[in-house]
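Work through the exercises below with the structure open. Try each task before reading its solution.

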Amino acid sequence: MSLNLIELNEIDKEYRIGENKLHVLRRVTLHIKSGEFVCVTGPSGSGKSTLLHIIGCLDRPTAGDYLLDGVNVLNAGDESLSRLRSNSLGFVFQTFNLISFLTLLENVELPFLYSDSNIDKKHARQKALSAIKRVGLSDRITHRPFQLSGGEMQRTAIARAIAINPKLILADEPTGNLDSKTGKNILDILKKLHADGTTIMMVTHDMQVASAAQKTIQIQDGSIC
Ligand code: ADP
Ligand code: MG
């Protein structure tokens, strides 16, 4: 049994736009062990988000091999992919992606609607409340996103990501819309989750933010350099 949580071998990604092909990732080989905190940096348009989406099973490569926690993602059917996504992966995005008409607590409970763990409502609520406590927002659970600051919205998104206790958190420019002090607070939360054993993969174009990670991977024009 391999210790690699993520194993990408020679991944290529092309987008087709009309007649044209856009070659976004080129022969990307990347092995990440369980428990690592890895940062992906590179200029805008270099393929960072595309890489993260492929790792998160939100997009498929054009060529190559991908094993996630021992599962061959490219051969997996829709059902096992959605099971992987809802039981093993937590996403955090630059724009938070909260549902505006739901309360903070309801937003954090959302992943349980899609999880196949057969968790009952009461248990889901307990897990959501515990995730909210970990990000320090227990006094805001009935707030809706418009009643929260940017940092609080991102902490809510992190609570939603960790509520299912994922093995892997994928964060795409999680501090990109925040001032530097609030951004540091978000990084401290991610560092704490890492210290507690979660594997974290974070995309940023900010070298200062990247210094939170143990390991940095640089990507340029779709290739790791
Ligand atoms: P980054 O996150 O490093 O800024 P992206 O991975 O978002 O870069 O994008 C890499 C390149 O792929 C960009 O040129 C972008 O326009 C293009 N691209 C991204 N997603 C798509 C898509 N769904 N269809 C076509 N082109 C895309
Ligand atoms: Mg991006």
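This is a predicted model: local features need pLDDT of at least 70, side-chain atom pairs count only at pLDDT 80 or more; totals for chains, interfaces and linings use all residues.

**Exercise 1. Work out the strand order of the open sheet, and find which strands stand at its edges.**

Solution. 
- Step 1: Trace the order. The open sheet has 6 strands, arranged β6-β7-β8-β3-β9-β10. Their pairing is mixed.
- Step 2: Find the edges. β6 (89-93) and β10 (223-224) each have a single partner strand, so one side of each is left without a neighbour in the sheet.
- Step 3: Look at one pair. Strand β3 (residues 37-41) and strand β8 (residues 199-203) run parallel, joined by 4 bridges. V40 faces V203 of β8.

**Exercise 2. State which strands helices α2 and α6 lie across, and at what angles they run.**

Solution. 
- Step 1: Take α2 (residues 78-88). This helix lies across β6 and β7 (168-172). Its angle to β6 is about 70°.
- Step 2: Take α6 (residues 180-195). This helix lies across β3, β7 and β8. Its angle to β8 is about 150°.

**Exercise 3. Decide whether helix α3 is mostly covered or mostly open, and name what covers its buried residues.**

Solution. 
- Step 1: Count. In α3 (residues 104-114), 8 of the 11 residues are buried, so apply the cut-off of under 20% relative accessible area to check each one.
- Step 2: Name them. The buried residues of α3 are L104, L105, N107, V108, E109, L110, P111 and F112.
- Step 3: Find the cover. It includes α4 (121-134) and α5 (150-162).

**Exercise 4. Count the disulfides, and explain why C39 is in none.**

Solution. 
- Step 1: Recall the bond. A disulfide covalently links the sulfur atoms of two cysteines.
- Step 2: Apply the cut-off. The two sulfurs must be within 2.5 Å. The count is 0 disulfides.
- Step 3: Check C39. Its closest cysteine sulfur, in C225, is 13 Å away, which is too far for a bond.
- Step 4: C39 is buried, at 0% relative accessibility. C225 is exposed, at 63%.

**Exercise 5. Find where R27 and C57 lie, and state whether each is buried or exposed.**

Solution. 
- Step 1: Recall the rule. Most residues other than glycine have a negative phi.
- Step 2: Take R27. Its phi is positive, near 40°. R27 sits in strand β2 (residues 20-33). Its relative accessibility is 58%, so R27 counts as exposed.
- Step 3: Take C57. Its phi is also positive, about 60°. C57 sits in the loop between α1 (48-55) and β4 (63-68). Its relative accessibility is 6%, so C57 counts as buried.

Technical notes: Residues are numbered from 1 along each chain as its sequence is written. Chains are lettered from A and ligands numbered from 1 in the order in which they are written. Side-chain values use heavy atoms; hydrogens and water are left out. Buried means under 20% relative accessible area, exposed over 50%, partly exposed in between (1.4 Å probe, protein chains only). Helices (H or I, at least four residues) and strands (E, at least two) are DSSP runs, numbered from the N terminus. Contact means heavy atoms within 4.5 Å. Two strands pair if DSSP finds at least two bridges between them. Axes are lines fitted to C-alpha atoms, for helices over the stretch in contact, and angles run from 0 to 180 degrees between N-to-C directions.
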